[in-house]
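Here are a few notes from my pass through the model. Have a look at it first, then read on.

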Amino acid sequence: MKNLLKILSLLLFTLLSTSIFAQKVDQFILSATSPSLVNQFLVLDKEGMSVEDGYKMVTEWVNVTYNTPKEVIKGDVENEYIRIQGVGKNMSCSMMMGVPSCQDIQYSISVEFKEGKLKFQLTNLERYYTPGEIAGLSGWVGYDPQLADMFKKNGKPYKVRIEAAESTMAHLNDLADNLAAYLENPLAKEEDDW
């Protein structure tokens, strides 16, 4: 009973903190008004789109975009919510001593539906570190670029951190743009005589 109470308390805290700290943006970016990447969300609009159509198009988009869509979909409540987890190969990149260094990212995105729009929210982000690559880091490690961590105490930028964050955000923005384009031009259902 004690463990159940702890789990419920943790779940409630997580839901509250997610909703309190979520930040709407036009694209994934770090700024004074959006200082943390995780929990940012985009609203994708499509005039005349019903909740049911939005859900159907996102489901189709996942099936078209990912090699293993059944493994990518981690949560699904019809016409309300879809949560996907994907991996971007070599999508967090920076130059270290003149040599490009890239890690895979693993992201969780939730999609919620309303009439004429959907909410595309980054809910979790991790980077993969090969064992021995960086002391103390191995496997999937939580990653949430913060604006405050991009600059040294003297105000000079950490180029490596900025490059890694920018390449990660570019991948997430490409993903959102891809979905927005799909909403505008979903799979055409043409009748072909074969």
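Where is the place of Ser 101?

1. Ser 101 sits in strand β5, which covers residues 99–114. Keep in mind that this is a predicted model. Ser 101 counts as buried, because its relative accessibility is 15% and the cut-off for buried is under 20%.

2. Who does Ser 101 touch? Setting aside neighbours within four places in sequence, Ser 101 is in contact with Ser 92, Cys 93, Ser 94, Met 96 and Glu 133.

3. One name in that contact list, Cys 93, turns up again in a disulfide with Cys 102, with the sulfur atoms 2.1 Å apart. A disulfide is a covalent bond between the sulfur atoms of two cysteines. The link of Cys 93 and Cys 102 is right-handed, with 120° about the S-S bond. The disulfide count for the model is one. As for Cys 102, a relative accessible area of 31% makes this residue partly exposed.

4. Now the core. The largest nonpolar core has 38 residues, and those with the most contacts inside it are Tyr 107, Ile 109, Leu 118, Phe 120 and Leu 122. Elements giving two or more residues to this core are β2 (40–45), α2 (51–65), β4 (81–96), β5, β6 (117–134) and α4 (159–184). The largest share, nine residues, comes from α4. In soluble globular proteins, nonpolar side chains tend to be buried together.

5. Tyr 107 is worth a click. Leaving out neighbours within four places in sequence, Tyr 107 has contacts that include Tyr 66, Ile 84, Val 87, Leu 122, Leu 125, His 171, Leu 172 and Leu 175.

Notes
Residues are numbered from 1 along each chain as its sequence is written. This is a predicted model: local features need pLDDT of at least 70, side-chain atom pairs count only at pLDDT 80 or more; totals for chains, interfaces and linings use all residues. Side-chain values use heavy atoms; hydrogens and water are left out. Helices (H or I, at least four residues) and strands (E, at least two) are DSSP runs, numbered from the N terminus. Buried means under 20% relative accessible area, exposed over 50%, partly exposed in between (1.4 Å probe, protein chains only). Contact means heavy atoms within 4.5 Å. A disulfide is a pair of cysteine sulfur atoms within 2.5 Å. A nonpolar core is a set of buried Ala, Val, Leu, Ile, Met, Phe, Trp, Tyr and Cys residues joined through side-chain atoms within 4.5 Å.
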